[in-house]
Amino acid sequence: QSLAAMLGDAFADGSQAGQTRALPAIWSSPTEFSKRVQEFQAATAALLAAARSGDDAAITTAQSAVQQACAGCHMQFRAPAQ
């Protein structure tokens, strides 16, 4: 969850140089990318709260939400591995 809080800063303007799997859409669609980052951050915060509660069902649900947030962003903003 701590790393999720820093995710938006990792893709600042001008950071698109170099060989990465980050797609240009990160920088050409910053509003949509920011929305996805915020969804991921909310999901990780919910997972942390669920983990602290000790409720296995809540943890499973929250973990699934984190996975969905990851996949949703990666599908749109990350190139597949080659």
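Guide: Phe-33 is buried, with a relative accessible area of 7%. Buried means under 20% relative accessible area, exposed means over 50%, and partly exposed lies in between (1.4 Å probe, protein chains only). The model is a predicted one: local features need pLDDT of at least 70, side-chain atom pairs count only at pLDDT 80 or more, and totals for chains, interfaces and linings use all residues. Residues are numbered from 1 along each chain as its sequence is written, and side-chain values use heavy atoms, with hydrogens and water left out.

Now the neighbours. Set aside those within four places in sequence, and Phe-33 is in contact (heavy atoms within 4.5 Å) with Phe-11, Ile-26, Cys-73 and Phe-77.

Take Phe-11 from that list. Phe-11 is partly exposed, at a relative accessible area of 26%. The structure holds three aromatic pairs. Rings of Phe, Tyr and Trp (its six-membered ring) pair if their centres lie within 6.5 Å; planes under 30 degrees apart count as stacked, over 60 as edge-to-face and the rest as tilted. One of the pairs is Phe-11 with Phe-33, which is edge-to-face: 5.3 Å centre to centre, with 80° between the planes. This pair links distant parts of the chain. Phe-11 sits in the loop between helix H1 (2-6) and H2, Phe-33 sits in helix H3, and the two are 22 residues apart. Helices here are DSSP runs (H or I, at least four residues), numbered from the N terminus. Ring pairs also build a cluster, linking Phe-11, Trp-27, Phe-33 and Phe-77.

Next comes the core. A nonpolar core is a set of buried Ala, Val, Leu, Ile, Met, Phe, Trp, Tyr and Cys residues joined through side-chain atoms within 4.5 Å. The largest one has six residues: Ile-26, Trp-27, Phe-33, Val-37, Cys-73 and Phe-77. Helices H2 (25-28), H3 (30-53) and H4 (56-77) are the elements that give two or more residues to this core. In soluble globular proteins, nonpolar side chains tend to be buried together. A second, separate core has five residues, including Ala-4, Ala-43, Val-66 and Ala-69.

Cys-73 belongs to the largest core and is buried, at 12% relative accessible area. What about disulfides? A disulfide is a pair of cysteine sulfur atoms within 2.5 Å. By this rule the count comes to zero. Cys-70 is in no disulfide, as the nearest cysteine sulfur, that of Cys-73, is 8.3 Å away. That is too far for a bond. Cys-70 itself is partly exposed, with a relative accessible area of 25%.

A salt bridge is a side-chain nitrogen of Lys or Arg within 4 Å of a carboxyl oxygen of Asp or Glu. The count comes to two. Arg-36 meets Glu-32 in one of them (3.3 Å, N to O). Both lie in helix H3, four residues apart, about one turn of the helix. Arg-36 also forms a salt bridge with Glu-39, the closest N and O atoms being 3.9 Å apart. These two lie in helix H3 as well, three residues apart. Shared partners join Glu-32, Arg-36 and Glu-39 into one network. Arg-36 counts as partly exposed at 22% relative accessibility, Glu-32 as partly exposed at 26%, and Glu-39 as partly exposed at 35%.
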